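Me: I have a chain open on my screen and I'd like to learn how to read it. Could you take me through it feature by feature?

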Amino acid sequence: MPEPVRYHMADGVAVLTISNPPVNALSHAVRARLQSLAERAAIDGNVRAIVIAAEGRTFPAGADISEFGKPPAAPWLPEVCARIEAIEKPVVAAIHGTALGGGFEVALAAHARIADAKAAVGLPEVKLGILPGAGGTQRTPRLCGAGPALDLMLSGEPIHARAAERLGLVDVIAKDDLLKEAIAFARKLADAEVPPLRSSDRAPQEADPAAWAAEIAKRREALKDTPLHAPPRIVDCVEAVQLLPFEAGLDFERAAFEDLVGTPQSAALRHAFFAERRAGKLPELKGVPPIEVDHVGIVGAGLMGSGIAVACLNAGHRVTLIEKNIETLEAGVERIIDIYDRQVARKKMSVEDRDARIGRLAGREDLDALAEADLVIEAVVEDMDIKQRVFASLGRITAPGTVLATNTSYLDIDEIARGSGRPEDVMGLHFFSPAQVMRLVEVIPGRETAANVLATGFDFAGTLGKIAVRAGVTDGFIGNRVLAAYRQAAELTLLDGAAPEEIDAAMRAFGFPLGPFQVSDLAGLDIAWARRKRLAATRDPAARYVSIPDRLCEMGRLGRKAGYGWYAYPKNGDRLGEVDPAVAAVVDEERIFQGVTPRKFSGGEIQRRCLVAMANEGAKLLAEGIARRPSDIDVVMMHGFAFPRWHGGPMMWADQRGLLQVQKDLRRLAEDDPAAWAPAPVFGDLIKNGRGFDSLNG
Ligand code: 3HC
């Protein structure tokens, strides 16, 4: 094993180079070696100054997240930082790439920081449900003040080197050769023979205490309703900077860090981090080269088609948008231009960038324009006949090897592919609306999809900055199948006695931005209605069926777009909707018709019913091979359906509740209604072996 930190001398300066690919995470081996080499340099009489640098992509991007939750191994990062800061010779951090979290904390412990002009620094711990735990909460505000430090730590967003320089977090921006300049800088500091400038020596008391206190009070107020545990603790730590001496502040920070790292919330957020990265790992595609995509054809210029077009244009692709009706085509192109104009107006995009993107867009009425496309995405109405006809034409018109994708949300990819005569070139690429914003794409191979076509799906989604998840062919793939189970649970709970607004409030309290009925209203009730009609013939006759949404659709209550749905929307832009007695009347009638005596539900009971239903559907998707691993389901639900990230997705939620408990919940519900609630056999298998869904996340 090569050493994770190397030592060499240059011009009287000891250079400690961290080498732990891919992101130089500060694993135990790195910490131990960094500390021992720092000690060596500190006592070596030939060393006048020290530079800490890293090779490869980046200065350390943080502590090694995979070590969290395991027994801590000395030296801890705070000790390493303390040791570095205590050295009596100048220590300079040479930053390139992204110095994040513990990596940036090492740099803050150094006596000076020089950064590559393209570098960024940040403290993203909050995104993992923790806080900077190696002195970051104490050193950062001492260097840049409470407000900017809180911005950095509460947002978790990195800032560019120049912004960091303006804040006093970086001392020098390298002009050309970072390492050379870092060594020269370290020499200069040594020559000056001034004592090391330690962040911990800066006295925050010199900053206006009243302004500091006001900043703290303002942040506390802004966070008073947050469901997250880490942000208020970050504020506490920054307050401590004013109230405690540095060492005591470090202890205060450490205690908060340890509390947080042990919370289910942090475990869930860490799970989300790794789940997103795991989703793209498909062993069967290892070494399979994707087809290079430049020219993308999009068939259908509706909301979805134009959103996909924007996503492609943003990624630098050439796009030909097809719509056989000129008015619809023009409306689609206008929608795209409008999206860009709004970004220019909000100063999020330059006029040149907008023009360059629009310049890569062509609108055509004839599919023949796609003869030269590398990839075609069909986004026409959700109708099998129409889609098959489009694919029959695409199969004829496009060159062999052109990848053909359908954006269907529910329909059978194999049936769609059959029409093309080239099923090996066809797959599903299921975007979520608005496609230019939502980061999720389900990539669905059909029975005959070629490996390089599937590889192209993943690679292409990556170029769009999307998170791609593999799903199998089934009605609704992963996301809409779980959503349907969630809706069914919500509707059965409604039938059994809870009001729509109680169910919505309970799920919002869990962390969804909208409850299930509010989401239905937003999406339009007609989509699920069409699906119910399509599946009517195959529905389990023993299952309880809630016809309330059908009744609402028949009444024209199709959701927000109609002004009425599960709620009334008398005012424009009313997000949550108003409770409508007309809906309550339909619900009452259905209860009477089904002989249900309504009962009361607590918020917690409502949440449990919905969540066990989602986890149970996820378990079925795993057993059917539709989802490869539980964490893929979690990624789909977090990114496609706003499942609160701090619960980690329905499968992680089930693991955290305990599968035995979830199975018990399901069994109890199944006593009255086995068709809806019977637990999937996977629960029994995992419980028997004392394992959770996480054990299937290979
Ligand atoms: N620990 C362990 N593994 C890490 C890691 C970390 N801090 N950061 C990234 N990785 C791994 C990823 O899991 C991935 O592994 P894989 O190839 O096996 O899937 C690999 O490194 C590359 O990561 P990405 O795919 O994310 O690469 P990108 O180039 O897209 O992004 C990055 C690089 C911006 C550094 C991004 O990985 C990132 O944001 N990392 C997390 C940074 C972070 O949260 N740091 C704080 C850690 S907590 C901490 O430091 C506590 C301290 O205060 C005590």
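Predicted model: local features only at pLDDT ≥ 70, side-chain atom pairs only at ≥ 80, totals over all residues.

Me: How do I read a nonpolar core, and which residues touch the most other members of the largest one?

Reply: In soluble globular proteins, nonpolar side chains tend to be buried together. A nonpolar core is a set of buried Ala, Val, Leu, Ile, Met, Phe, Trp, Tyr and Cys residues joined through side-chain atoms within 4.5 Å. Buried means under 20% relative accessible area, exposed means over 50%, and partly exposed is in between (1.4 Å probe, protein chains only). In this chain the largest core has 90 residues, and I478, W566, F643, W677 and F693 touch the most other members. Helix α24 (residues 603–623) supplies the largest share, 10 residues. Helices (H or I, at least four residues) and strands (E, at least two) are DSSP runs, numbered from the N terminus. Domain 2 and domain 3 each give at least three residues to this core. There's also a second, separate core of 68 residues, with V47, V91, A256 and V261 among them.

Me: Let me zoom in on F693. What is F693 in contact with, leaving aside its neighbours within four places in sequence?

Reply: Contact means heavy atoms within 4.5 Å. On that basis F693 meets A619, L622, P630, M651, A654, D655, L659, V682, F683 and L686.

Me: Pockets and cavities next. What's the general idea?

Reply: Both are found on a 1 Å grid over the protein atoms alone: a cavity is a set of points where a 1.4 Å probe fits but cannot get out, and a pocket is an open set with protein on both sides within 12 Å along at least five of seven lines. Lining residues have an atom within 4 Å of a point. Grid points are joined across faces, edges and corners, and a volume is the space filled by probe spheres set on the points.

Take the second largest pocket, with about 1600 Å³ of space. Its lining has 48 residues, of which M304, N407, S409, S433 and I527 lie nearest the centre. Helix α15 (384–397) gives the most to that lining, with 5 residues.

Me: Where does that pocket lie relative to the domains?

Reply: Domain 2 and domain 3 both give residues to its lining, so the second largest pocket lies between them. By class, the lining has 29 nonpolar, 11 polar and 8 charged residues. Ala, Val, Leu, Ile, Met, Phe, Trp, Tyr, Cys and Pro count as nonpolar, Asp, Glu, Lys and Arg as charged, and the others, Gly among them, as polar.

Me: How many cavities of 30 Å³ or more are there?

Reply: A search of the whole structure finds 2. The largest has a volume of about 50 Å³, and its lining includes R487, E491 and W566. Helix α21 (525–535) gives the largest share of that lining, 3 residues. The second largest cavity, about 40 Å³, is lined by H111, R113, L143, D171, L197, R198, S199 and R202. That lining splits into 2 nonpolar, 2 polar and 4 charged residues.

Me: Which residues have a positive phi, and are they buried or exposed?

Reply: K347 is one of them, with phi near 60°; K347 is exposed, at 76% relative accessible area. F477 has phi near 55°, but F477 is buried, at 0%. F477 lies in the loop between β17 (467–470) and α18.

Terms used. Residues numbered from 1 in each chain as written. Heavy atoms only, no water. Domains from an automatic or database assignment.
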